[in-house]
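Let's take a friendly walk through this structure, starting where two chains meet. Keep the sequence and the 3D view open as you read.

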Amino acid sequence: MELKKSIYKILFLVFLLGFPMFVRLSGQPVPGKDENIPFLVTFGKDGKTSWGDADFYQVFFFSILKDYTKPIYIRVFDPDCGGENDEIQGEFNTKTKFSVYGGKGVDPEKNEESRGLLKGLNYKSGNLLASKIFGNEAKYDNKYYTFGPFNPSEGDFNTKWNSYMFKIVCEGISGDDGNLYRYFLSSEPDNNIPIEGANAFTYAYHFRMWNDFKSVSHIYPYIDTGVVYIRQSNFDWDNDGTILVVSRYKQGISVPISDEDNWVRSNIPIEPQEVGSSLDFQFHKRQDDLVKNNNVVIELENQRGDAVKFFSSPIGGVPIYQPKVGYEKVKPKK
Amino acid sequence: MRKRILYIITIVLVSALQTRAQQPSVYEVKRMSFNIKGFNSISPVIIKDGIIFCSDRRFSAFEDRTSFDGRRLYNIYLAVKKDTSAFSKPIALKSERSNKFNNGPLCLAPDGKTVYFTSEVETGELAGYKKFRNHSGIFIAELAGTDLVSLHPFKYNDPQFDVGQPSISKDGKYIFFASDMPGGNGGSDLYSCELINGDWSEPVNLGPKVNSSGAENYPYMHSSGRLYFTSDRPGGFGKLDVYYTSLNNGSWEDPILLPEPINSSSDDFAFVAEPDLQNGYFASNRRNEDDIYKFTSTIIRKVSCDTLEENNYCYRFFEENAVKQDTVPFRYEWKFGDGNHATGPLVEHCFNGPGTYTIQLDVVNLVTKEVTYNEKSETVIVTEVEQPYISAPDRISTNQNVTLSADSTNLPGWKISRYYWNFGDETIAVGKEVPKSYLKAGTYNIQLIVSAEPDQGNNVREACISKNIIVFPKP
């Protein structure tokens, strides 16, 4: 009897401890490891949109669970614009500014302007916690620069996600080169140590495609309650292959793709079973003619016009299509 | 030589007896107890509690009725069922017409209260003249206890010709009656009217298949859709005989003569039957007076009998999510487990026969050119329909000899003890394989009733299947 009680106690404790583990996420590299995206990209404001950046800035959010109280760090890989990874236009002359915001005004669910979808609106809302401008600086090339430490409570609290929100804005403040970079939300200043339960998301993804036929990039928009369809907009895809949308219920539907310096939009119906999970937007490169250094922008909104988040770690995990075969009797053809 | 002739005669006689034995009568008839010697009883109508009929009997020992010229008058009577075989002494259902005019034959509307009955049209002084020929018409009344009240005439009654012997369809939408109105095919013909917006439409002659150059009378629309009637046309057993026909695609089929002993060399008429056609009544003068007889069919005829379902091994296979999308960049390749294959998100395939088949779906991603072999597999068990099976041609000609077979019956676990065939023309046979020919053209509904040996609880399982066979006239 006592043994039985003990087993129940253990099982209960496992449940209590284990359940949050299942629902929490622990990956904060941006782009995420499941996304298989080499770099985010932001061009200097003098660049041409046909090079793959529609607005010359990119906004990303980090969420940290309320019960995480240790300092956090936002690390930027290759923040300078020059050297090995970045995209040169003539000569490297671009300055890029990274700014970290916290406090009231950051949470994009309470403050739509913060999402950074429309130029001219105040996407820099919130308290500026730190910022730094990078030029062509070899000491940052292929290296991390760390912002922080920040106290998690410096973020803007979101009750729905039970998390504090931080925002990082990358702006190409001058020049015309493309700055390619990555983020990592870390619990340590000098190492990439994931923070349990944290995540990163954006509303407009500007990223660099692989220069490789076989590499498939992914982004994972989260389908929230009440979504009936989503409207995707992709920019400057350069007809570089196919975008497939995959979920547990979609083996892969292709969406119209943009050519150079061009937006293309289409609607994607959402099955009721897809609500509360993530879609997998797969970016398959064209197999016949390699398009190099292709930078892409993608945005999603639901049927109400509300922007849809892309999480670096897909909520609910990477969706895997579940094939379903049906059959029924039919009358023989005469 | 004499011995040889005797031998041949014996063989012929035995053969004849055997032939008769192979076609036993499917009806038993019995004269009803409420018939009275010296009086006529005709035109039974089945009601829930008994029978309504017409008779020219006396109202009572003290009360008699005759016409102005001394002819006996028919009136309507009700015989209430005492039990399954006995009836109480009939009581008269009287109306204002009962004492002076003939009343009946009749029928009841589906409401069970409205009575349509035949009587005479002229009720004035003229009706009293000996030489006056008073024509019959249909009258409508309400049955209130044993009284017929609120009488009013049918709109197509006419003092120049007879209109009578009404029968109303089960849904109340059609009335059938006999009339010698002008424009018929000779003698009395059968007509129908349709109830449209509460009013009976113009009478329509049922046409030459039903109405011969002789006299057709006593229409009775059975709930099954069969129209029974009486005719003195040639080809019967003699005098008046009972026939039935059915509507097929808007046309009446060739009438079928009911067998003996319902029909006889005497007048046999005014046939009515219970919904299952197993029991019913008719009138006959085979014992000189018109009497009412009960018939009991020995034919097993199931009211609920499934229609034969042809075995079908054809299936539609689909990738459920793919078919919801207009286009998908995938190719779906199906292997059906029998060596056949097809391509597409939705495919159809017919297997050769029963069996267990493993269906395999391979998917080719047209973007990546990757092939996912056996992305999904399903086991499909193809079976034959569990049912008795009638192997018979769909169409034959009259007098064509065919063999009907129950050999393909698929009732797993049944120990079948009997195959019983109801050929739909009032003939039957027993056996797994039976010969058959039809004398008349028409559409016949064949029922095959299969019985299993009794189980341990002495319960006998039965299954019934039916199939239509079209018999067309021999060219």
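Two strands count as paired if DSSP finds at least two bridges between them. Please bear in mind that this is a predicted model.

The size of an interface is often given as the accessible area lost when the parts come together. Here the area buried between chain A and chain B is about 2500 Å², and carbon and sulfur atoms give 55% of that area.

The rule finds ten residue pairs in polar contact across the interface of chain A and chain B, counting pairs with both residues at pLDDT 80 or more.

**Salt bridges**

Side chains of opposite charge can pair when their charged atoms come close. Three salt bridges are found by the rule across the interface of chain A and chain B. One of them pairs Glu271(A) with Lys324(B), where the closest N and O atoms are 3.8 Å apart. With a cut-off of 4 Å for this kind of pair, the 3.8 Å between Glu271(A) and Lys324(B) qualifies. Over all chains, a search of the whole structure gives 26 salt bridges. Glu271(A) sits in the loop between strand S17 (263-269) and strand S18 (280-284) of chain A, while Lys324(B) sits in the loop between S24 and strand S25 (330-335) of chain B, so this pair joins two chains.

**Strands that pair with S36(B)**

Turning to chain B, strand S36 (residues 462-472) pairs with strand S23 (residues 306-307). The table sets out this pairing and others that involve S36(B).

| Strand of chain B | Sense of pairing with S36(B) | Bridges |
|---|---|---|
| S23 (residues 306-307) | parallel | two bridges |
| S30 (residues 395-397) | parallel | three bridges |
| S35 (residues 442-452) | antiparallel | ten bridges |

Asp306(B) has Ile465(B) of S36(B) as its bridge partner, and Arg395(B) has Ile470(B). Gln447(B), in turn, stands opposite Ser466(B) of S36(B).

**Aromatic pairs**

A pair of aromatic rings is described by the distance of the centres and the angle of the planes. The count over all chains comes to 54 aromatic pairs. Among them is the edge-to-face pair of Phe34(B) and Phe87(B), at 5.5 Å centre to centre with 85° between the planes. Why does this pair tie together separate parts of the sequence? Phe34(B) belongs to the loop between strand S1 (27-31) and strand S2 (41-47) of chain B, and Phe87(B) to the loop between strand S4 (75-80) and strand S5 (91-93), so the parts being tied together are 53 residues apart in sequence.

**Backbone details in the loops**

Val30(A) and Pro31(A) are joined by a cis peptide bond, with omega about 0°. Pro31(A) is placed in the loop between strand S1 (29-30) and strand S2 (39-43) of chain A. A cis peptide bond also joins Glu260(B) and Pro261(B), with omega about 5°, and Pro261(B) is found in the loop between strand S19 (256-257) and strand S20 (268-273) of chain B.

Phe56(A) is worth a look as well: its phi is near 65°, a positive value in a residue other than glycine. Phe56(A) lies in the loop between S2 and strand S3 (57-65) of chain A.

Notes:
Residues numbered from 1 in each chain as written. Chains lettered and ligands numbered in written order. Predicted model: local features only at pLDDT ≥ 70, side-chain atom pairs only at ≥ 80, totals over all residues. Heavy atoms only, no water. Buried area = accessible area lost by both parts, 1.4 Å probe. Salt bridge = Lys/Arg side-chain N within 4 Å of Asp/Glu carboxyl O. Polar contact = N/O pair within 3.5 Å; in protein donor to acceptor, adjacent residues only side chain to side chain. Phe/Tyr/Trp six-rings, centres within 6.5 Å; stacked < 30°, edge-to-face > 60°. Helix = DSSP H or I, 4+ residues; strand = E, 2+ residues; numbered from the N terminus.
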